[in-house]
Amino acid sequence: MAAMAAHRASFPLRLQQILSGSRAVSPAIKVESEPPANVKAFIDRVISIPLHDIAIPLSGFRWEFNKGNFHHWKPLFMHFDTYFKTYISSRKDLLLSDDMAEDDPLPKNTILKILRVMQIVLENCQNKSSFPGLEHFKLFLASSDPEIVVAALETLAALVKINPSKLHMNGKLISCGAINNHLLSLAQGWGSKEEGLGLYSCVVANERNQQEGLCLFPADMENKYDGTQHRLGSTLHFEYNASSGQDSDQTGDKSKPSNLCVIHIPDIHLQKEDDLSILKQCIDRFNVPPEHSDAHDELTSFFTNEPEYINELIRLVRSEDFVPGPIRALAMLALGAQLAAYASSHERARILSGSSTISAGGNRMVLLSVLQKTISSLNSPNDTSSPLIVDALLQFFLLHVLSSSSSGTTVRGSGMVPPLLPLLQDNDPSHMHLVCLAVKTLQKLMEYSSPAVSLFKDLGGVELLSQRLHVEVQRVTGAANAHNSMVTSDAVKSEEDHLFSQKRLIKALLKALGSATYSPGNPARSQNSQDNSLPVSLSLIFQNVEKFGGDIYFSAVTVMSEIIHKDPTCFPALKELGLPDAFLSSVNAGVVPSCKALICVPNGLGAICLNNQGLEAVRETSALRFLVDTFTSKKYLIPMNEGVVLLANAVEELFRHVQSLRSTGVDIIIEIINKLCSSQQDRSNEPATSEERTDMETDVEGRDLVSTMDSSTEGTNEEQFSHLSIFHVMVLVHRTMENSETCRLFVEKGGLQALLTLLLRPSITQSSGGMPIALHSTMVFKGFTQHHSTPLAHNRWMNALLLEFGDASRDILEDIGRVHREVLWQISRFEEKKIDPETGSSPSANEAQQLDSSVSEIDDSRYTNFRQYLDPLLRRRGSGLIESQVSDLINIYRDIGRAASETQRAGADRYSSSGLPSSSQDQASSSSDANASTKSDEDKKRSEHSSCCDMMRSLSYHINHLFMELGKAMLLTSRRENSPVNLSPSVVSVAGNIASIVLEHLNFEGHTISSEREITVSTKCRYLGKVVEFVDGILLDRPESCNPIMVNSFYCRGVIQAILTTFQATSELLFTMNRTPSSPMETDSKTGKEGNEADSAWIYGPLSCYGAVLDHLVTSSFILSSSTRQLLEQPIFNVAVRFPQDAERFMKLLQSMVLKTVLPIWAHPQFPECNIELISSVTSIMRHVCSGMGSEKHCWQWWCSFSWWPTS
């Protein structure tokens, strides 16, 4: 496993993820690296205050930070954790220890303020799973102060609350862990029955007796209920099993089992002592053993087996006369939380069970009736709790729609439509969040229920949505009447918060209109409607895009496109209202730097081009030129890095459907490439500012990269920006050039030459940041060759390469061979320099051999995956869907920024004998002294050097497999022909060329540089080991058989003899290194031997590679088979070398050649002292040679003739 991990780490990060099939998505520029400035300022202000005064900066805290990310707030929560550890964690009155007395009072005010801030942050943030300090909440729940307990419960509720938008994604429940045990104990202590049931009777009894609200201890004389109800909340009753030896008679109840103890204290509210004193008395009097149970299993069992709980909650919700509004709202929230838990389980059976339980017995209709009645009383001055109940009901029904759709059941949602429509006309500013929830519910309902769409349209829902959208858009733009009914009050919300809520509502209204427009419903009403408010509203958004941002712009363009696509004949009416012109003007003025805004523009242009007038308008306004700024301007860098794939897909779709724009589009792409080719001086005057802060994320749904981060592109230097921009345009070229006509125009207009000029810039070819660009360029140019090379267009791509390399492109293959030789040599030199005897040594030969074996398996698997990814023919044969391919592409594209900006690389410390990292560790320095900067510079240089080596390893990897695939293609070609002995000229040419390349590899003497006097022997050995491993890979056709063409070629060209010669020289070098032990102690020292093996890994590793290839050459079953014999009976070249007359004689000739070279090693007296891998490989070679010598007895006698062999 370590070797596999080491091999995986040798490749660039994106290549690792591609070949391993990873789906992890990580943005190229991290959105979580730095918190927004206002968040950081608040956190710094809190942390700078002395710990005991932490309550001062927390006073009056309110959320004014747009959409939140919990990672930005984690330093504040860590600071809270420090406070709790300092002032709370050791308090005896919260630990409930033997001595509960505390001299210092509990800092209640500070605790409440901290919990309040925690609750607000958690309610407005995502990524809450990393919440720290959960263990402190069991102390808060143990407090005797009800305000602290309630605040702790509210904070926990905000932590575990499930966002409905995450039900269809990878949202997971946040577990409270051990806190669940405490919560369960609290819940079980309420009600008039066991397990916390009897809630309804408890609430009603208290409400009827207490005018001031819920009271735990109603007066006895006023309670008119029976004996069970008489002491609700005033009796402590606890049963437990007594430990061995404990007296259970203290309960006074002889009817109970002997081991059961009961603590029963009536009228506890009349006791003079406080709660802690009563608890202390119980501890002193009763020896209660600690109880341990699994709260999760107990809760699951409770919700499965206690339907009475749901019935009681619904009874509380529908009881308007006796139950106060806040409690009814809490009961509704409890129902919603349970439904969300079911839906988030991702188990269809649990989802169905939860939905059916809550909907059983007409409960759903009851809740709808409550919703309708409560909405009608929203504006009643006598009912202030209605907004709470409506909010809880809307959250529940939204969850109900989403959970029903996720389980695959049909949503019976038509009944939800009539109660929700009145909310669309509610103009109370304090009810805006309710209107937004209602619109979201209607939108999701129309997505999943066709009957709901029809009913919604029949009841005039589309008109209500359009009119409300028009009102809100006018208010945001300031065009509404100053005396409208929507007047923001400072007592309700600040102007900024109100604007934020308005944008959330506008976004929800647009989404709902899109669903209503797209969904197949009854179109009669909307077609006959004379309401023009929707096109006017969309025009206002396009004219004031800086006030609305990218999310709303995206939704507006989507609605416009849906309207035109559904009824193209409406375009003249829309043009008369100015909608298409407003959209085109917004594009020409500069698209807002938002991922969503960018990707929607081509779709909007495509919709407009459905009409001839619209097509002419797009041409006249040159709207497609927005791509130039998008791909070359720094302000679009971040959104482009997030959405370049989707944008490229949208542009390709536009060219495909609007063919008359294809030529103009190709001109623009070439202009982008030429602009990127320009010098840095031409772009130096452009400010390196961040994206314009015009975009405001309006909801927790979705993810707008621009709005969620305040970090700018100031940290992106010119080289990084250049790499990112070039990579983005490569994505665009790759996607658009998949069309043969677009590709033809691109080549004819000189785009290919411009692209080559761009890619051959030194900043690309000589930088680690250019690696992902080079990776993607292979796919881009492969697309060109498929369209403009006749052989590649009609044949498999490897067969076509075989023809090319065998004829006109022979010199290219020779150049590739020379590059491969240089790369192998440089990798060997790098490994030689990485050996540091003080900090670590090379891996042992055992580890090296394990690495070699695993490398082959992983390489084959990875290359197969990589080839399938690159080859469209293989992709079509595979079972993967287009979605997974797009996901892979997104992963490739997003990591370019990380590759370009990363200054610390993992795995650069030590490398194994095969040239692959043997470990992976971070090199970041945490030192803050004067040497920190120096060390950082050294690390950066080391990282850059390591990056170059990564590139060379990747190049070597792919060249290896190119030669292997060529060899397999030769064999397949010969098998398809009727006469496999008569090989085609291209096969003979390529086979001879490969043999010549390998022979030059083996005869290569290496290079010296000015700082080195001579080439080290170890470097040469490492290099030869890599060459021989390369040869073995070419010889393999399958794991159990050889490629006879390459065996024949290597024999004729003298490659096999060169391998034997270099093997003999290397083995002699090994025995020259070994010396006679100076003392018996040294001979018996295991540590010394192992250390010697570790120091000799540079020679044992290559010898293991030699052993593998020689073992293959002497194995009859590997060389000879029915399909290979004919190709081994005569030479494929006209050479002077003696060639056997049949395959069996050829096999014996190979065995005799190998035996002649191996026998001196086998007979050497120091051979038994070699490492186990070398002994095993040589023994295997001898065994296969001996298998052709005759009888077993003869072989055994010859075997035992060597003096070192143990005859006993």
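Begin by selecting Pro 35, which counts as partly exposed because its relative accessibility is 22%, in a model that is predicted. Pro 35 sits in the loop that runs between α2 (13–19) and α3 (37–48). Showing its surroundings brings up Lys 40 and His 72, which Pro 35 touches when residues up to four places away in sequence are not counted.

Now zoom out to the whole protein, whose secondary structure comes to 61 helices and six strands. Of its 1208 residues, 51% are buried, and the protein exposes about 55,200 Å², with carbon and sulfur atoms supplying 52% of that area. Among the contacts with a separation of 6 or more, 76% are between residues 24 or more positions apart.

For a helix pair, select α57 (residues 1097–1114) together with α59 (residues 1143–1163), which pack at an angle of about 145° with their axes 8 Å apart. Displaying side chains here shows Leu 1110, Leu 1113 and Val 1114 of α57 meeting residues of α59 that include Met 1147, Leu 1150 and Gln 1151.

The next stops are salt bridges, of which the structure holds 28. Select Lys 108 and Glu 147, whose closest N and O atoms are 2.8 Å apart; Lys 108 belongs to helix α7 (residues 108–123) and Glu 147 to helix α9 (residues 146–160), so that the pair, 39 residues apart, links distant parts of the chain. Lys 108 is partly exposed at 26% relative accessibility, and Glu 147 is also partly exposed, with a relative accessible area of 45%.

Move on to Arg 625 and Glu 671, a salt bridge with its closest N and O atoms 2.7 Å apart. Because Arg 625 lies in the loop between α32 (612–621) and α33 (626–632) while Glu 671 is in helix α35 (residues 662–677), the pair ties together parts that are 46 residues apart in sequence.

Then select Arg 821 and Glu 1000, whose side chains meet in a salt bridge at 3.5 Å, N to O. This pair joins helix α45 (residues 810–833) to helix α51 (residues 985–1003), across 179 residues. Arg 821 counts as buried because its relative accessibility is 10%, under the 20% cut-off, whereas Glu 1000 is partly exposed at 42%.

Finish with Glu 652, Arg 656, Arg 735 and Glu 738, which are linked in a network of salt bridges.

Terms used: Residues numbered from 1 in each chain as written. Predicted model: local features only at pLDDT ≥ 70, side-chain atom pairs only at ≥ 80, totals over all residues. Heavy atoms only, no water. Helix = DSSP H or I, 4+ residues; strand = E, 2+ residues; numbered from the N terminus. Buried < 20%, exposed > 50% of the residue type's maximum accessible area, 1.4 Å probe, protein only. Contact = heavy atoms within 4.5 Å. Areas by Shrake-Rupley, 256 points an atom, 1.4 Å probe, with all protein chains shown as cover. Axes fitted to C-alpha atoms, helices over the stretch in contact; angles between N-to-C directions. Salt bridge = Lys/Arg side-chain N within 4 Å of Asp/Glu carboxyl O.
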